[in-house]
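Student: I have a structure to go through, and I would like to know what stands behind each term. Could we take it step by step?

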Amino acid sequence: MKTKTRREFLKKCSQASIAAALPPFFLLTSDKSDSRLPVIGSGVHTYECMHDWLVPPDGLVWGDTHGLAQDEHGFIYVAHTVNKSSMRGEAVVVYDSSGRFVRAFGEEFRGGAHGLGLRREHGDEVLYHCDINRCNIVKTTLRGAIMWSHGYPREDAAYEHPIDFVPTNVAFAPNGDFFVGDGYGSHHVLRFSSVGKFLGEVGGPGHGDGEFDTPHGLFVDSRGKEPVLVVADRGNRRVQTFDLSGKHLRTVKDDSRLRMPCHFDTQGEWMVCPDLDSQVCILDREYKVVAQLGDGSAVNGEVGSRRKQSRSEFTPGQFITPHAAIFLQSGDILVAEWLPIGRLTRLRRV
């Protein structure tokens, strides 16, 4: 099947839904409240699957749950587009480490909240927002005060009209620079200085090594001897790595186990990769898939075809469209899915 872009997925949302079927291989367990939770994975990658662990506050209705981050104090940040039916418009919602709602902000990101990155700068932690509606990158404090914004990179000749600029995610270099994936625009990866000055490009559109089709997510991986830029080349159904000067290092492709990688996060020796095609993957240091968690591909059908379903139709213990995933400080994994009614799932280590 020909790989489809995000825009093509959206066109498919009106297609008839595929009925969910409860898989026969589910293992069930009990938590402290005696509710039954599916267990997914195996060995050191075994988790209880807690769907809808985070719920929006009164008056706010999830839109597509797109981005995740956790700060040094354990507070969790969720970026979502806000449902059209929502009485409130905050696109960034904050929870404590136990899942209790703390605050919300960012009405200006309603409809466009996508990638969310967090890092420490000059003694304070800050957030980087990728807004796919206004097509810009915005830096804010942890409470949402805008510090800096950058839109269309007019400094780059490659972005002359009519090339689009729709940034999807950011990655941070040790020296303060940051990379931006123009995943829904012109399929470039851009590099900026810590103050937002455009420095150049890494790759461009295409299907060869060092070229991209929807460079949706990216991450600077420091698990090895030298930091490496890892790009989720989603439209090409693969992962690519580069040194921090932009030199291509590797192309990793495994269609059967790594289908549509969206983004990355690391903790210890492991990398978590949300895969829009029905699963969350765990990768080792060589970017080999060592675990496929909650793989719902057998019942999900074409990517995006279940987006019109209600929660009662979702298959417990299986993912539909994982879009972001982070390791929590506890070692658990939090997953956000590209669904118009949102879903935040905690994978609690067993």
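Student: How do you know that strand 6 and strand 7 pair, and in which sense?

Tutor: Two strands pair if DSSP finds at least two bridges between them. Strand 6 (residues 92-95) and strand 7 have four bridges, in the antiparallel sense, so they count as paired. Strands here are DSSP runs of E with at least two residues, numbered from the N terminus. This is a predicted model, where local features need pLDDT of at least 70, side-chain atom pairs count only at pLDDT 80 or more, and totals for chains, interfaces and linings use all residues. Residues are numbered from 1 along each chain as its sequence is written, and side-chain values use heavy atoms, without hydrogens and water.

Student: What makes strand 4 and strand 7 edges of their sheet?

Tutor: The open sheet has the order 4-5-6-7 with antiparallel pairing. Strand 4 and strand 7 (101-105) each have a single partner strand, so one side of each lacks a neighbour in the sheet.

Student: Which strand gives the largest share of the lining of the largest pocket?

Tutor: Strand 8, with six residues. Lining residues have an atom within 4 Å of a pocket point; on a 1 Å grid over the protein atoms alone, a pocket is an open set of points where a 1.4 Å probe fits, with protein on both sides within 12 Å along at least five of seven lines.

Student: How much space lies in the largest pocket?

Tutor: About 700 Å³, the space filled by probe spheres set on the points, which are joined across faces, edges and corners. Of its 34 lining residues, Q70, L118, F172, F219 and D265 are the closest to the centre.
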